[in-house]
Amino acid sequence: MPRGLLFLQYSYLGFLLLHQRNNNLSDALKKLKITTTDSTADSLEGCLDCLLQALAQTNMETSEKIQKSGVLQVFANLLTPQSSCTAKVANVIAEVARNEFMRNPCVDAGLIPPLVQLLNCKDQEVLLQTGRALGNICYDSHTLQSQLINMGVIPTLVKLLGIHCQNAALTEMCLVAFGNLAELESSKEQFAYTNIAEELVKLFKKQTEHDKKEMIFEVLAPLAENDVIKLQLVEAGLVECLLEAVQKTVNSDKEEDIAELKTASDLMVLLLLGDESMQKLFEGGKGSVFQRVLSWIPSNSHQLQLAGALAIANFARNDGNCIHMVDNGIVQKLMDLLDRHVEDGNVTVQHAALSALRNLAIPVVNKAKMLSAGVAEAVLKFLRSEMPPVQFKLLGTLRMLIDAQAEAAEQLGKNVKLVERLVEWCEAKDHAGVMGESNRLLSALIRHSKSKDVIRTIVQSGGIKHLVTMATSEHVIMQNEALVALALIAALELVTAEKDLENAQLVQILHRLLSDDRSAPEIKYNSMVLICALIGSEPLQKEVQAMAFLEVVSKLRSHENKTVAQQASLTEQRLAVES
């Protein structure tokens, strides 16, 4: 037989089959629409099988026909636990809802309430198809997912996971649902009232396959953002599971093991962000978890070094923990870690280690110990860094270290390279955090050292204008720090700084601060103290007289804050004498 003829025969056969299939689908839709009330289960099943067959071959086209036929409204009545067709109806809904354009019609047909009710039935196939249908209808819609949460699906699904944990398909359906719902903040409270932590940890312990563990991790991560659930997960034994996962994967080069190591150690750090869960795991610094995390810092894995340093930064969130850790040698471990990352180091590890050192330096008793251990010198090695996150933590660490430490503040304040770098960063307008911390450290060097040499170094490096600008900050604490530093400059080295203070228009700024009713009492007080110091300079005194300060200051004598009122009287007397 000629080939062309054979092809025509096959084409014609295909056409006939397609025509037959379309006829069958149309008949099935008609039957479903007309006879649902009278039809037998067998005839209904036949119609549903026909729909499922058509959906398997041309899902989108079949879905459109189902929508136009008006059958979706009929499905709402077929979704009953008593019907033997329920699983197939839910399956059809799940298949059509894979198409985005079908999701709203499913909602409009009133399918969500009966599907939610079916989650209470015992038939595992019905549960599976119902879960698929709800998942597909509500996919990527926070509004519909919130509706499900309000309808109470979370406790129901958690219960299902516990009952049917042997059924892999149902378990997977529950995990996918949890993963979607857990992204919504409103779900966390409901999850916290269930035994989800216990169920997930139990499930995790049974898993050997990487993919299954990954699915559970995807649920755990958003849930662990909630402090109540963090504690529940710790109490359910998740930490031990994570430590074991780290132990098994740390020396592996396999891609999936590297991914699991990262996920497990990141989740461990997340659990430590909760105050209660962190303190429970710290156990006075003697806890096995704390000791295991310490062992991550000298590891050769960058991921574990990072997680270890972040964990220490999280443990260092109260003075008691900080003091214990410094007394037990943690500082040297962190400095050794930083040393390994000075040249072309890992930026995230640098940032994490500096964060930990900054937190450890907060308690007063730790500052001198950390300075003696050489922390300032270790931190200064990163002065060349061009990475804003590292710069920010470096500045914060130094500022914490020199707080009330005159000798250290003087030593750092005379370090020309440091001061020049600070002045440079004071202009980092693209990085507000770095700019703010640079200004604060510049001010701190003067305030804590009270040293003429430090002031001269800062004047020579061009730092005065930045301190004057800092006095106009929107943050009262920064304004205050700037004014105190400027008052010390005026008291100790006015002649040296005179020209820079004039160029920076300090007198005009002080006039504005005193005239502004919104200025905090401490700002007004320190501005007046500074004015009294500035009139020791002839050019600055002329500026003060030209700006009619007496009028502004005399109004402040009746200020509601007594300290401000008293300083106003003193300043007025001083100005009157000098005029």
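Ala404 sits in the loop that joins helix 26 (388-402) to helix 27 (406-413). The model is a predicted one. Ala404 has a positive phi of about 65 degrees, although it is not a glycine. With a relative accessible area of 61%, Ala404 is exposed.

Ala548 is a further case of positive phi in a residue other than glycine, with a value near 55 degrees. Ala548 belongs to the loop between helix 36 (538-546) and helix 37 (549-555). Its relative accessible area is 39%, so Ala548 counts as partly exposed. As background, most residues other than glycine have a negative phi.

**Helix pairs**

Helix 16 (residues 238-249) packs against helix 17 (residues 255-271) at an angle of about 150 degrees, and their axes are 9 Å apart. The contact draws on Leu238, Val239, Leu242, Ala245, Val246 and Thr249 of helix 16. On the side of helix 17 the contact residues are Asp257, Glu260, Leu261, Ala264, Ser265, Leu267, Met268 and Leu271. By class, the residues of this contact between helix 16 and helix 17 are 10 nonpolar, two polar and two charged. The crossing of helix 16 and helix 17 is left-handed.

Helix 17 also holds Lys262. Lys262 is partly exposed, because its relative accessibility is 42%. Lys262 and Val419 are 157 residues apart along the chain, and their C-alpha atoms are separated by 38 Å.

For helix 35 (residues 521-534) and helix 38 (residues 562-578), the axes come within 9 Å and cross at roughly 20 degrees. Helix 35 is therefore roughly parallel to helix 38, as the angle is under 35 degrees. The crossing of helix 35 with helix 38 is left-handed. From helix 35, the residues Pro521, Lys524, Tyr525, Met528, Val529, Ile531 and Cys532 take part in the contact. They meet Thr563, Val564, Gln567, Ala568, Thr571, Arg574 and Leu575 of helix 38. The residues of this contact between helix 35 and helix 38 comprise nine nonpolar, three polar and two charged.

**Buried elements and residues**

Helix 5 (residues 86-96) is largely enclosed by the rest of the structure, because 10 of its 11 residues are buried. The buried residues of helix 5 are Thr86, Ala87, Val89, Ala90, Asn91, Val92, Ile93, Ala94, Glu95 and Val96.

Thr171 is part of helix 11 (residues 168-181). Thr171 is buried, with a relative accessible area of 8%. Leaving aside residues up to four places away in sequence, Thr171 touches Leu161, His164, Cys165 and Leu203.

**Cysteines**

The disulfide count is zero, with the cut-off for a pair of cysteine sulfur atoms set at 2.5 Å. For Cys121, the closest cysteine sulfur is that of Cys174 at 13 Å, which is too far for a bond. Cys121 is buried, with a relative accessible area of 14%. Cys322 is buried too, with a relative accessible area of 2%.

**Accessibility of single residues**

The table collects the relative accessible areas given above.

| Residue | Relative accessible area | Class |
|---|---|---|
| Cys322 | 2% | buried |
| Thr171 | 8% | buried |
| Cys121 | 14% | buried |
| Ala548 | 39% | partly exposed |
| Lys262 | 42% | partly exposed |
| Ala404 | 61% | exposed |

Methods. Residues numbered from 1 in each chain as written. Predicted model: local features only at pLDDT ≥ 70, side-chain atom pairs only at ≥ 80, totals over all residues. Heavy atoms only, no water. Buried < 20%, exposed > 50% of the residue type's maximum accessible area, 1.4 Å probe, protein only. Axes fitted to C-alpha atoms, helices over the stretch in contact; angles between N-to-C directions. Helix = DSSP H or I, 4+ residues; strand = E, 2+ residues; numbered from the N terminus. Left-handed = near helix turned anticlockwise from the far one by under 90°. Contact = heavy atoms within 4.5 Å. Nonpolar A, V, L, I, M, F, W, Y, C, P; charged D, E, K, R; others polar. Parallel < 35°, antiparallel > 145°, perpendicular 65-115°, else oblique.
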